[in-house]
Amino acid sequence: MLNGSGTFDAIAARRTFGDELLERFPFDAFVSKTITLAPRQGNPPPRLWETPAGLINSIGLPNKGLEGFLASDLPELAELPVPLVVSVMGFSRDELAELVERVGQREEIALIELNVSCPNVETGLVMGADPAETARAVERTRPLTEKPLIVKLTPNAAEPQAVAAAAASAGADAVSLINTLKGMALHPRTRSPWLGGGSGGVSGPAVRAVALEQVYTVARAVEIPVIGMGGIQTGRHAADFIAAGAAAVAVGTESFRDPAAGARVADELGVILCSERGFPLRPRHRPARMDGPDRKTPATGDKTVK
Ligand code: DHB
């Protein structure tokens with residue numbers, strides 16, 4: 001069980017829950033929020049809108065930039081008890097190459113996820129919406145690192161399976177999908193766009209059926225592993241994604257409601273798969289509860305809460 005990039009802030013969670021977070025970490029690998037080469041402020045508020053059965057976000061990639069990430073976030077993320085995946089996005093192939101090369105040199109990082117959801121400044125095309133652009137991005141970065149490369153696919157492509165096949169042919173080790181679907185909300189009174197960034201990305205249960213279909217189709221188009229996500233809230237939902245062809249699944253928006261959702265969904269999935277396949281039940285996780293600071297074990301002298 002993974003987290004969707006940008007849906008679980010492990011550094012903030014560590015500050016809130018202390019070392020209990022490390023003892024009961026809700027994911028088997030942790031995917032960072034996407035970093036860019038230069039630092040970014042992100043979009044003006046408001047950045048969120050709750051939609052029926054979902055969320056629209058327009059965060060705008062706020063991050064410390066590559067140097068800031070390596071200097072201040074990476075040491076903290078390296079303390080997590082699971083492999084670290086760093087998500088990177090470049091506004092050009094040169095930028096992407098620099099990110100992959102630098103991130104690839106750090107032994108704290110196990111895998112790299114290429115977030116190809118942004119417009120390429122040279123062509124104006126969204127890299128991940130176009131199979132040829134995606135192939136060029138992967139071909140350029142593939143020789144720069146030996147770490148596995150995951151390509152995060154956008155659902156806003158005419159044929160995500162063609163993009164996935166292009167990524168696989170160019171040397172990607174896995175694909176993950178789906179990223180958010182384009183959406184918007186209007187201010188209830190002024191009827192102008194609600195989100196500071198204008199439009200945003202829809203996630204949560206509202207997109208699950210779309211995600212399931214895309215995972216099913218992509219899994220039949222490529223031989224590399226597919227990481228499935230999009231509105232997964234329960235073990236039953238996760239089991240559907242596995243049945244559709246996902247080799248692994250991720251929880252995203254549900255973690256905003258319940259920061260322990262990843263562990264809960266993994267436990268539920270384990271019970272379902274064991275019973276369907278006739279294996280004895282052996283829950284992987286102790287029941288994970290992260291209800292807030294009140295439930296935290298009292299801080300002791302040697303437990304520093306960052
Ligand atoms: C953001 C949203 C995304 O869906 C994405 O892939 C990258 C960044 C954001 O708004 O920060």
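**A cavity and the sheet beside it**

Author: Leu 2, Asn 3, Gly 4, Ser 5, Val 31, Glu 113, Ile 150, Lys 152, Ser 176, Ile 227 and Met 229 line the second largest cavity. This is a predicted model, in which local features need pLDDT of at least 70 and side-chain atom pairs pLDDT 80 or more, while totals for chains, interfaces and linings use all residues. Residues are numbered from 1 along each chain, and side-chain values use heavy atoms, without hydrogens and water.

Reader: What is a cavity, and what counts as lining?

Author: Rolling a probe the size of a water molecule over the atoms shows where empty space is left. On a 1 Å grid over the protein atoms alone, a cavity is a set of points where a 1.4 Å probe fits but cannot get out; lining residues have an atom within 4 Å of a point. About 50 Å³ of space lies in this second largest cavity.

Reader: Which elements give two or more residues to the lining of the second largest cavity?

Author: They are β1 and β7 (149-152); strands are DSSP runs of E, at least two residues long.

Reader: In what order do the strands of the open sheet stand?

Author: Strands of a sheet pair through backbone hydrogen bonds, either parallel or antiparallel. Here eight strands, paired in parallel, have the order β1-β12-β11-β8-β7-β6-β5-β2; two strands pair if DSSP finds at least two bridges between them. The edge strands, β1 (2-3) and β2 (30-31), each pair on one side only.

Reader: Which residue in β5 does Val 31 stand opposite?

Author: Val 31 faces Val 85 there.

Note on methods
Helices (H or I, at least four residues) and strands (E, at least two) are DSSP runs, numbered from the N terminus. On a 1 Å grid over the protein atoms alone, a cavity is a set of points where a 1.4 Å probe fits but cannot get out, and a pocket is an open set with protein on both sides within 12 Å along at least five of seven lines; lining residues have an atom within 4 Å of a point. Grid points are joined across faces, edges and corners, and a volume is the space filled by probe spheres set on the points.
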